[in-house]
Amino acid sequence: MKHPFAITLDSGSSLANLTGSWRTMRPVYVDRLPPCNHACPAGENIQDWLYHAESGDYEKAWRVLTQDNPLPAVMGRVCYHPCEGACNRAQVDEAVGINSVERFLGDEAIKRNWRFTPPEQKTGKRVLVVGAGPSGLSAAYHLRRMGHAVAIHDAGPAAGGMMRFGIPKYRLPRDVLDAEIKRILDLGVELKLNAKVDNILETMKVGRFDAAFLAVGAHIGKRAFIPAGSASKVLDAVTLLRSMEGEDKPLLGRRVVVYGGGNTAIDAARTARRMGATEAIIVYRRTRERMPAHDFEVEEALQEGIMMKWLSTIKRVDEGVLTVEKMRLDEKGFPQPTGEFETLETDSLVLALGQDVDLSLLDGVPELEIKDGTVQVTSNMMTGHAGIFAGGDMVPSERTVTVAVGHGKKAARHIDAWLGGAVYAAPEKHELASFDKLNTWYYADAPKTVRPMLEGVRRQSTFEEVQGGLDETNALYEARRCLSCGNCFECDNCYGVCPDNAVIKLGPGNRFKFNYDYCKGCSLCATECPCGAIKMVSETI
Amino acid sequence: MSDSTANAATQKLRFYQKGTFTVGNRLVPDAERSVQASIDRSNALTCGHRACQGCGEALGARYAMDVAMRVTRGNLIAVNATGCLEVFTTPYPETSWQMPWLHSLFGNAAAVATGVAAAMRVKSRPEVRVIAQGGDGGTTDIGFGCLSGMFERNDDVLYICYDNEGYMNTGVQRSSATPPTARTATTPAMGPEPGNVFGTGKSLPRIAVAHGIPYVATATVADLHDLERKVSKAMGIHGARYIHIHVPCPLGWGSASHDTIRLARLAVECGLFPVFEAEHGAVTNSRKIRRPVPVDEYLKPQRRFAHLFKDAAGAKRLAHLQAIADHNIVEYKLLGQEEGA
């Protein structure tokens, strides 16, 4: 090549200079575990379904959601959303309204009549599910999708378990519940109602079932011994709430006292108020701070005019009047009697002191372990008897719908593996995408969307749903508040901030890759990644 | 992109809380994303250059040139002053520039660019635009005379200064853009007044504004959208234009390579580097501080300021720096709501 005057070399590109050899640290793309997913008792992949929801693809979002939980419209109403408690956004402004977006997706699915995809293969195995509550329905759904034949036997006149016979209508309208149950049954799950299983081994033998999942719940209201005079009206909260589903509504009178401090006590008091009680008083032996009920439920109850009597125990019930003893908390936080008494006028007393499990169906089953009134299961949800699994309220756990749904899924995976003679091994969990992994500069401030609430007057007299839902615009807004913790959302930051042009953009949906020929390992990409999806690892030199 | 459409785009991005300030955003159309988000950006400054890890100047230069390449559809010539940018991109005979690029002397980039622009006019190639660029040494010290001449003649050149606050590739010597108290090889952290002394140096953006030229702006590598908008706007104007881009230097500042963008951001958020625009001699707007921080947060991660955090005398100088920042905040109206927000 002929060169101009004073030029002796061909000009070349710096591309020949592989600066990747300078590197001592190497960036790698990772998927970290978002705190919401980590906190979800039902094991939902929340970050992933929000990702689809924020692009407006609600059906895809719903399909991703229902891979783990078949009851989003129910969940979007009754779940206590531990996901929101764990949400990293709470440290920026407010937690993402995950629960309200879930409800929007659930309602959208009912409105648009989205169906589950039926199983493609048949395994030829038969599984009996006892109990059509959240745990049983969840197990049936997952087992059916895995190709097993599933039959649910339930003692009650309708499916739903505590979702129908425990949760009041103003929190969970029954048409929503019915729609989500029907969608599961439409997969080909057989449902037998009014079919109480008295002897599990017998039922399995007769029905030629290869395995069973027990999820009978805890429906027996605990009674405390309280001396009671004649004609005093005492009933338990479970019975009260269940009878709300029947023809004969209970007569409670004008003044109702509920004894207990859990969510059931709140439900019972709010129900009593709607039944016409002018005074509904919750008597609890400790303080509000120590109440097991969720604070927002206590708040909603107070808004509806429910009264609370803290630090009190009921000593005696007579016709129209209760004797209450004042308590004080000792230094360990336990209530101690003070010897001071007072009386409380009342027409009826509702006991909300917890629930027991009816374990009679297990009589005569060998190798079972029963402790504190619950069935003991191993980490694979199997009882001591091979092939019999159990979950939900009847095993030791936190008794919520969401935990029950999670049990159903987990049990289904283990039952499926057990039926195939294998052991289910859960995939290893990713590292947690904690707040310190994020670079929140890149997220604009955006406060949470508040769901509309039914006005007070109607909340005191009707069973209309208290909390409203989001419409499409604000559901989309809410979904887009997600920080996508630990998972790339293709914001192009790494591609943009690399001073060495060493990030290759692979196009929509395909994310990025590093060009290690040129990456000098400066870590700018990792530092400026908003969601913590890049990790720096040492080069082996 | 005109000003009003840029504002509208920013406003629209606010709805996508997740990607408001990120380089790209999968939820908005390609046309509304930054040039840097584009899969076919020109990469005017490509891989294999010899800048240090985490170099702010390499980043700033690619950001600016890729926008200019897009708006001129590749009809662009760059004239480079001597400095890091020239040395690390073009060690003879190899270059990282994927565009026509010229280097002459340390101090004459503005004059050479004026000449290139004149040549294009003579050759009837009005579509070809010219950018002169250099570091703060080549701009505020050595090339200052030529630059001031280019300004007062209103030559059709956009001059971009990448300000890393010193002569970095020759071994970190002080320039007239080095901030007070910064330790450099020529302003050691010793004696009664350690580091660069207060009351020295100059603000070239202000001097440029005083020339009354059509457009002056400051920008940083921490705010890509703002930088791209300004370069794009400057390329839409004829006559002398000046953009001053703050580019942290891990080597000269004694900071971690991964902190380059964070430091550029903190410089703005603490008020020490005001980001503003001026037209025909008057400041027209400034970028508001989003998350105010004291100057310590910006200074502490830089070893050149380590002596400020050692004793009471250091604390006093720190307070002086804070006063400068506070003065900037008032003078450039750095607090308040972003216009159109």
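What percentage of the 541 residues in chain A is made up of buried residues? Buried residues account for 49% of chain A, a residue being buried if 20 or more other C-beta atoms, placed from the backbone, lie within 10 Å of its own.

This is a predicted model, in which local features need pLDDT of at least 70 and side-chain atom pairs count only at pLDDT 80 or more, while totals for chains, interfaces and linings use all residues. Residues are numbered from 1 along each chain as its sequence is written, and chains are lettered from A and ligands numbered from 1 in the order in which they are written.

**The two chains**

Helices (H or I, at least four residues) and strands (E, at least two) are DSSP runs, numbered from the N terminus. Two residues are in contact if their C-beta atoms, placed from the backbone, lie within 7 Å.

| Property | Chain A | Chain B |
|---|---|---|
| Secondary structure | 18 helices, 22 strands | 12 helices, 9 strands |
| C-alpha span along principal axes | about 120 × 55 × 45 Å | about 65 × 50 × 40 Å |
| Buried residues | 49% of 541 residues | 55% of 341 residues |
| Contacts joining residues at least 24 apart, among those at least 6 apart in sequence | 72% | 67% |

The radius of gyration of chain B, taken over C-alpha atoms, is 19 Å, close to the 20 Å from the globule rule for 341 residues, so chain B is as compact as a globular protein of that length. The globule rule is 2.2 Å times the number of residues to the power 0.38.

**The interface**

In chain B, 41 residues are in contact with 49 residues of chain A. On the side of chain B that touches chain A, α2 (56-71), β2 (94-95) and α10 (260-269) of chain B each supply at least two residues; the largest share, 4 residues, comes from α10(B). This side has 14 nonpolar, 19 polar and 8 charged residues. Here Ala, Val, Leu, Ile, Met, Phe, Trp, Tyr, Cys and Pro count as nonpolar, Asp, Glu, Lys and Arg as charged, and the others, Gly among them, as polar.

Strand β1 (residues 12-13) of chain A pairs with β2(B) in the parallel sense over 2 bridges; pairing requires at least two DSSP bridges. Gly12(A) stands opposite Glu94(B) in β2(B).

**A helix pair in chain A**

Helices α2 (residues 46-54) and α3 (residues 58-66) of chain A pack at an angle of about 170 degrees, with axes 7 Å apart. α2(A) and α3(A) are therefore roughly antiparallel, the term for angles over 145 degrees. Asp48(A), Trp49(A), His52(A) and Ala53(A) in α2(A) meet Tyr58(A), Lys60(A), Ala61(A), Val64(A) and Leu65(A) in α3(A). The residues of this contact comprise 6 nonpolar, 1 polar and 2 charged.

How values were computed:
Buried ≥ 20, exposed ≤ 12 C-beta atoms within 10 Å, placed from the backbone. Axes fitted to C-alpha atoms, helices over the stretch in contact; angles between N-to-C directions. Parallel < 35°, antiparallel > 145°, perpendicular 65-115°, else oblique.
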